[in-house]
Amino acid sequence: MRMTEYRFITRNRVGKWYDDLRDAQRFAERIGAGFLDPGGRFVPYRGTVLEFRDRG
C-alpha cells in the first residue's frame, strides 16, 4: 500500500516528513512555515513550499 508523506520547506529550514497533512500543518510553526488560525485553517507564510512524496 502506498502512503503519501508531507513536509513544509522554507527559505532557511526543512520540516520533518509526516504521514498526515494535518500533522505537517500543525508542526509547521516550528520551522516558520505557517500557522493554524483560530478556525483551524492552515495559513502558510510567503515562500513556504509543501513537498510530498509517495512512500511505498
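The dialogue below goes through the features of one predicted model.

Reader: What should I know about the numbering and the model first?

Author: Residues are numbered from 1 along each chain as its sequence is written, and side-chain values use heavy atoms, with hydrogens and water left out. The model is predicted, so local features need pLDDT of at least 70 and side-chain atom pairs count only at pLDDT 80 or more, while totals for chains, interfaces and linings use all residues.

Reader: How many helices and strands are there in the chain?

Author: Helices (H or I, at least four residues) and strands (E, at least two) are DSSP runs, numbered from the N terminus. Here the chain has one helix and four strands, and from the N terminus on the order is β-α-β-β-β.

Reader: What does the radius of gyration say about the chain?

Author: The radius is taken over C-alpha atoms, and the globule rule is 2.2 Å times the number of residues to the power 0.38. A compact globule with 56 residues would have a radius of gyration near 10 Å; the chain has 11 Å, which agrees. The C-alpha trace spans about 35 × 25 × 15 Å along its principal axes.

Reader: What share of the residues counts as buried?

Author: Buried means under 20% relative accessible area, exposed means over 50%, and partly exposed is in between (1.4 Å probe, protein chains only). Of the 56 residues of the chain, 27% are buried.

Reader: What share of the contacts comes from residues 24 or more positions apart?

Author: Contact means heavy atoms within 4.5 Å. Among contacts in the chain with a separation of 6 or more, 40% are between residues 24 or more positions apart.

Reader: How many salt bridges are there?

Author: A salt bridge is a side-chain nitrogen of Lys or Arg within 4 Å of a carboxyl oxygen of Asp or Glu. The count comes to six salt bridges. One of them is formed by E5 and R55, whose closest N and O atoms are 3.2 Å apart. E5 lies in strand β1 (residues 3-9) and R55 in strand β4, so this pair ties together parts that are 50 residues apart in sequence.

Reader: Is E5 buried or exposed?

Author: E5 is buried, at 6% relative accessible area, whereas R55 is partly exposed at 40%. R55 also meets the side chain of D19 in a salt bridge (3.8 Å, N to O). That pair links distant parts of the chain, with D19 in the loop between β1 and α1 (21-27) and R55 in strand β4, 36 residues apart. D19 is partly exposed, with a relative accessible area of 42%.

Reader: What about D37 and R41?

Author: Their side chains meet in a salt bridge at 3.2 Å, N to O. D37 counts as buried at 16% relative accessibility, and R41 is exposed at 58%. As for networks, salt bridges that share partners join E5, D19, R53 and R55 into one.

Reader: How many aromatic pairs does a search of the whole structure find?

Author: Rings of Phe, Tyr and Trp (its six-membered ring) pair if their centres lie within 6.5 Å; planes under 30 degrees apart count as stacked, over 60 as edge-to-face and the rest as tilted. The search finds three aromatic pairs. One of them, Y18 with F27, is stacked, at 5.4 Å centre to centre and 10 degrees between the planes. Y18 is buried at 17% relative accessible area, and F27 is partly exposed at 26%. F35 and Y45 form a tilted pair, with 5.7 Å centre to centre and 45 degrees between the planes. F35 is in strand β2 (residues 34-36) and Y45 is in the loop between β3 and β4, ten residues apart.

Reader: Which backbone oxygen does the side chain of T48 reach at 2.8 Å?

Author: A polar contact is a pair of N or O atoms within 3.5 Å; within protein, one must be able to donate a hydrogen and the other to accept it, and residues adjacent in sequence count only if both atoms are side-chain atoms. T48 is in the loop between β3 (42-44) and β4 (49-55), and its side chain reaches the backbone oxygen of A33 at 2.8 Å. A polar atom of the T48 side chain also lies 2.9 Å from the backbone oxygen of Y45. Leaving aside neighbours within four places in sequence, T48 is in contact with F8, I9, T10 and A33.
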